[in-house]
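Have the structure open and follow along.

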Amino acid sequence: MVKAVIFDMDGVIIDSEGTYLEFQLEFARKKNPNVRIEQLYPMVGATKKEAWEVLERAVDNGQPWEELRDECRQRDIYSEVDYREIYRPEVTEVLRTLKEKGYRVALASSTQLDLVERVLRENEIREYFEVVVSGSQFKRSKPDPEIYQYTAAQLGVRTEECLAVEDSTIGITAASRAGMKIAAVIDNRYNFDQSLADYHIARVKEVLEVVDEA
């Protein structure tokens with residue numbers, strides 16, 4: 001029986017991957033005008049090191065990924081994003097309904113905590129989350145299961161009593177390793193492997209159907 005629902009943020013609550021990719025593409029094309037956005041798709045949902053290695057291969061100008069990363073980070077892309085524009089508005093009703101039905105609700109994201117809090121605040125949904133956890137709080141983030149194990153412990157429930165709402169391969173892997181049930185938001189743009197998920201949903205609002213079934 002599911003007692004808690006734990007949401008990922010990027011790709012679930014906000015449709016951010018495409019926005020971030022456009023910034024990465026702009027940077028990459030300054031190094032190599034021939035870079036195509038499809039070459040950067042594997043950056044989505046990858047570990048940080050793997051993502052920058054994808055950019056290194058796409059740019060192919062002899063610069064190591066660490067140097068490209070440091071140069072790219074000189075621009076604060078997050079300050080340029082309007083997170084209300086890429087918010088999935090159905091999420092508000094889903095969160096409200098889950099709380100009304102007595103489910104515990106939390107968020108576990110690999111994104112740094114200050115940005116997570118900003119997204120929740122700007123979209124006026126912070127009040128629905130009992131626990132908000134960032135991968136920056138751990139030595140190893142997703143696909144390591146620790147972030148999900150910790151979040152469940154903070155909620156006071158067992159991991160097998162949790163439903164994780166994810167989209168990416170590493171997020172689904174983390175939740176699976178933690179022993180949680182998983183609802184994967186289908187996204188065919190980035191070739192995610194969602195085979196470990198128990199449920200596949202086209203819209204976040206379908207979480208309300210899944211919790212009654214799980």
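## Starting at Phe138

Let's begin with one side chain in this predicted model. Phe138 has a relative accessible area of 12%, so it falls under the 20% cut-off and counts as buried. Tyr150 is another story: at 33% relative accessible area, this residue is partly exposed.

## Aromatic pairs

How many aromatic pairs are there by the ring-centre rule? The count is five. One of them joins Tyr41 to Tyr190, edge-to-face, with 5.4 Å from centre to centre and 80° between the planes. Tyr41 sits in the loop between α2 (37-40) and α3 (48-59), while Tyr190 is in the loop between β5 (181-185) and β6 (199-201), so this pair ties together parts 149 residues apart in sequence. Tyr190 is buried at 7% relative accessible area, whereas Tyr41 is partly exposed at 24%.

Phe138 and Tyr150 make an aromatic pair too, edge-to-face with a 5.4 Å centre-to-centre distance and 75° between the planes. Here the link spans twelve residues in sequence, because Phe138 lies in the loop between β3 (131-134) and α7 (146-155) and Tyr150 is in helix α7 itself. Back at the other pair, Phe192 joins in: ring pairs link Tyr41, Tyr190 and Phe192 into a cluster.

## Helix α7

Tyr150 brings us to α7. Which residues of α7 are buried? They are Ile147, Tyr148, Thr151, Ala152 and Leu155. Looking down the helix axis, you'd find the buried residues of α7 within an arc of 130°, so they line one face of the helix. The spacing makes sense in general terms: an α-helix has 3.6 residues a turn, so residues three or four places apart point the same way.

What do those buried residues pack against? The list takes in β1 (4-7), β2 (104-109), β3, β4 (162-166) and α8 (169-177). After α7 comes Gly156, with a positive phi near 80°.

## The sheet

Several of those packing partners belong to an open sheet of six strands. The order is β3-β2-β1-β4-β5-β6, with parallel pairing. β3 and β6 are the edge strands, each with a single partner, so one side of each has no neighbour in the sheet. On average, and ignoring direction, neighbouring strands are turned by 20° against each other.

Zoom in on β4 and β5: the two run parallel and are joined by four bridges. Val165 has its bridge partner in β5, namely Ala183.

## Helices across the strands

Two helices are worth a look here. Helix α5 (residues 90-100) lies across β1 and β2 and runs at about 155° to β1. Helix α6 (residues 113-122) lies across β2 and β3, at about 140° to β3.

Now step back to the whole chain.

Notes. Residues numbered from 1 in each chain as written. Predicted model: local features only at pLDDT ≥ 70, side-chain atom pairs only at ≥ 80, totals over all residues. Heavy atoms only, no water. Phe/Tyr/Trp six-rings, centres within 6.5 Å; stacked < 30°, edge-to-face > 60°. Buried < 20%, exposed > 50% of the residue type's maximum accessible area, 1.4 Å probe, protein only. Arc of directions from axis to C-beta. Contact = heavy atoms within 4.5 Å. Pairing = 2+ DSSP bridges. Axes fitted to C-alpha atoms, helices over the stretch in contact; angles between N-to-C directions.
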